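Dear colleague,

I am handing over a structure for you to study. Please open it before you read the notes that follow.

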Amino acid sequence: MALSTEEINKVVNRFAIKFKGWAEANRSTPLNPITKQRTGVSQYPEYWDGYNYAAKMYDSILPHTRPDVYPEHLLSVRAPNQTDVQAQYIKANYKPTTLSVFEDFKSTVSRAFADQNWSIKYFPEADERFGDDTFQRFVNEEIEKFGSVEAFVKTMLPTLKLVDPNGIIAIEPEDVETVLSDDDDSEVISNDLLKPMPHYYSCKSIVGQKFGEYYLVITDDYSSVKNGSKMEKSGIVLELYDNMNIWKIYQTGKKSEMEFSEPVLYFAHNLGYVPCHKLQGMPQLINGEICFQSPFITAVPFLDQVVLDESYLQISKATSAFPFMVALGEVCDFHDREGNKCVDGQIFDPINGGYRTCPSCSGGGLKSRFSPTGMLLIKPKTSVSDGDSGISGEYLKFVSPPMDTLNFLRVEIDAQMRKARSILHLPSSDSSVGVGEGVTATGSLNKMRSLYAFLKPISDQLFSLYEFILVTTGKMRYGELFGGVTLVYPTTFDISTPSDYLAVIGEGITAGVPPSVTFSNVYNYIKAIHYTDEETSAIYDLIIHSDELLLMSSADIAARVANGTVEKWQDVLHFSAPQLVMELIRNYIPTEDAPKFTDLPLQEQVVALRNIAAEKVRVQLDPIQQAQRDLLNGIA
């Protein structure tokens, strides 16, 4: 059921009351000097059950995803024995060293969008009056800022989902013509080929919700309100989405009073469901309300520790990593104008009484033995003095504090980074582990299964949101004439590294598994190496399909050639396949249907490669014997 005007007013008033109550509590409650928080006051108003949970999670993740966000919640409280100057130094020299973990995780999640993993099919609208203005063309060419829905989904959704699972994607028409209704002053929309666009609202912007029934959000627009004695454009503009309509509500009157206008109908979408979709994660129940937990949040405690340890390491380096110079000095023999002598850095003042600091040695009692060029001057031995020859120690040396603390922090940082990457199933590198399960085929397969189980729910939610955007956009633009779309979700992911495949291949050969089983892993290994190079991938795809001896060792091939079970041209193909393919590519005459050799049908390429291998050995055989073998092997 669509919300009535009275129900909308209640939702808006609930938002205003909660905000004013929270603001008043923050003004009247003393500030804790250590935590800088109000005792007994939540960090945010609890606009809906789980709002604080969602907003705090968003704030804790954000510093690890954006270089411009300073982790104030971590570094605002000084560590024990830390001075104000040190705290300021940490803030001024903060570096976001944990961004790489999020980028790696986002890239891993984005593997779901590899072209071979999914497919989409559009169906035409059931009305010829639209002509060439099809849904497929609209979603692939006219989406603001991104060009297409696919680009929006691929570039934005993984980041938004991992950072803010409780945010929403709302579908709302742009550039619509509005007219006044005859019945009242509310605005209605002409429904002629609207341009629905996806909009993102963070969990902090959602100030009222009932999951799946309505969402009240703060927009980026502003209304005119009175601030002091002046009118200014700084008032809040709200939008409310329910299952039939989109409403706008404007702040009016004094800015501090949080008063709002009657809801204005912006657009009657009549979909029967709310045109908003949560970005989703792992579902949680908070007082009966559904909230979502980001999969990235499990790594945040470890990354927070990295940020803290990095800050301590930087300040420790600044205060203790620089050595102190220890050198010889001479007793200060300064005399002032009155003849008063420096004694241990102090000069007695008989006129005014008491002592004053010696201006020559600044109270140190010693003067420097360094020359203007920075050279330490040593007193020579004379007939009346031993000079510095009697000194048994060093004339000049550097003293540095122990590095144990710095080394400990480095070890801690590395350990916490490894934990964060491990919990997200991210390898630290592509090199094989030296010991343990990681170097075995079983270990590689277990790792792949774990990563697959971790990625599959995330992928399904991303494509569920993709499908929602497409279907809602189509229905909002074409209504009942919308032809529809079929989106096939990914079921496989390219999640294994080349070293994973090598481990499986090596253990399979050692165990003596059938070549047909090893073949698929060799094929996947080659694809993993050349997955970004289409031409190289096509060449190796041809070799794999042409070389029947691909999985045989050199000794086995030699033995089979000797006893006649393997033809000589097969031996040539096995050991010279790349060179033969390159020769075919060089000698190929382009056609309109196949500009390049690799554009030919695969079967034609296979025949051509086998023929050129046979040609290389043809001259070595007796003509009659050659003809017999050609007939036997079916070589053209």
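This is a predicted model: local features need pLDDT of at least 70, side-chain atom pairs count only at pLDDT 80 or more; totals for chains, interfaces and linings use all residues.

Is Asp344 buried or exposed? At 68% relative accessibility, Asp344 counts as exposed, where buried means under 20% relative accessible area, exposed over 50% and partly exposed in between, with a 1.4 Å probe and protein chains only.

Residues are numbered from 1 along each chain as its sequence is written, and side-chain values use heavy atoms, with hydrogens and water left out.

The chain as a whole

The secondary structure of the protein chain comes to 18 helices and 22 strands. Both kinds of element are DSSP runs numbered from the N terminus: helices are H or I with at least four residues, and strands are E with at least two. Of the 636 residues in the protein chain, 40% are buried. Contact means heavy atoms within 4.5 Å. Among the contacts with a separation of 6 or more, 67% are between residues 24 or more positions apart. Glu6 lies in helix H1 (residues 5-28) and counts as exposed, at 55% relative accessibility.

Two loop residues

Most residues other than glycine have a negative phi. Asp344, with which these notes began, has a phi near 55 degrees, a positive value in a residue other than glycine. Asp344 lies in the loop between strand E17 (342-343) and strand E18 (346-348). Gln280 also has a positive phi, near 70 degrees, and lies in the loop between strand E12 (276-278) and strand E13 (282-286). Gln280 is buried, with a relative accessible area of 17%. Leaving aside neighbours within four places in sequence, Gln280 is in contact with Lys161, Pro165, Phe292 and Gln461.

A covered helix

Which residues of helix H2 are buried? They are Tyr51, Asn52, Ala54, Ala55, Met57, Tyr58, Ser60 and Ile61. Helix H2 (residues 51-61) is therefore mostly covered, with eight of its 11 residues buried. These buried residues pack against helix H3 (72-75), helix H8 (157-163), strand E5 (195-201), strand E6 (206-210), strand E14 (289-293) and H9.

Two pairs of helices

Two packed helices are described by the angle between their axes and the distance between the axes. Axes here are lines fitted to C-alpha atoms, for helices over the stretch in contact, and angles run from 0 to 180 degrees between N-to-C directions.

The axes of helix H9 (residues 300-320) and helix H10 (residues 404-423) come within 9 Å and cross at roughly 160 degrees. H9 and H10 are therefore roughly antiparallel to each other; angles under 35 degrees count as roughly parallel, over 145 as roughly antiparallel, 65 to 115 as roughly perpendicular and the rest as oblique. H9 passes H10 in a left-handed crossing, a term used if the near helix is turned anticlockwise from the far one by less than a right angle, with right-handed used if clockwise. The residues in this contact include Phe302, Leu303 and Val306 in H9, and Leu406, Leu409 and Ile413 in H10. By class, the contact of H9 with H10 has 11 nonpolar, four polar and six charged residues. Here Ala, Val, Leu, Ile, Met, Phe, Trp, Tyr, Cys and Pro count as nonpolar, Asp, Glu, Lys and Arg as charged, and the others, Gly among them, as polar.

Helix H15 (residues 554-563) and helix H16 (residues 568-587) pack at about 155 degrees, with their axes 10 Å apart. H15 is thus roughly antiparallel to H16, and their crossing is left-handed. Ser554, Ile557 and Val561 of H15 make the contact with Asp571, His574 and Phe575 of H16.

Cysteines

How many disulfides does a search of the whole structure find? The search finds zero, a disulfide being a pair of cysteine sulfur atoms within 2.5 Å. For Cys358, the nearest cysteine sulfur is that of Cys342, 3.7 Å away. Cys358 counts as buried, at 1% relative accessibility, and Cys276 is buried too, with a relative accessible area of 8%.

Yours sincerely
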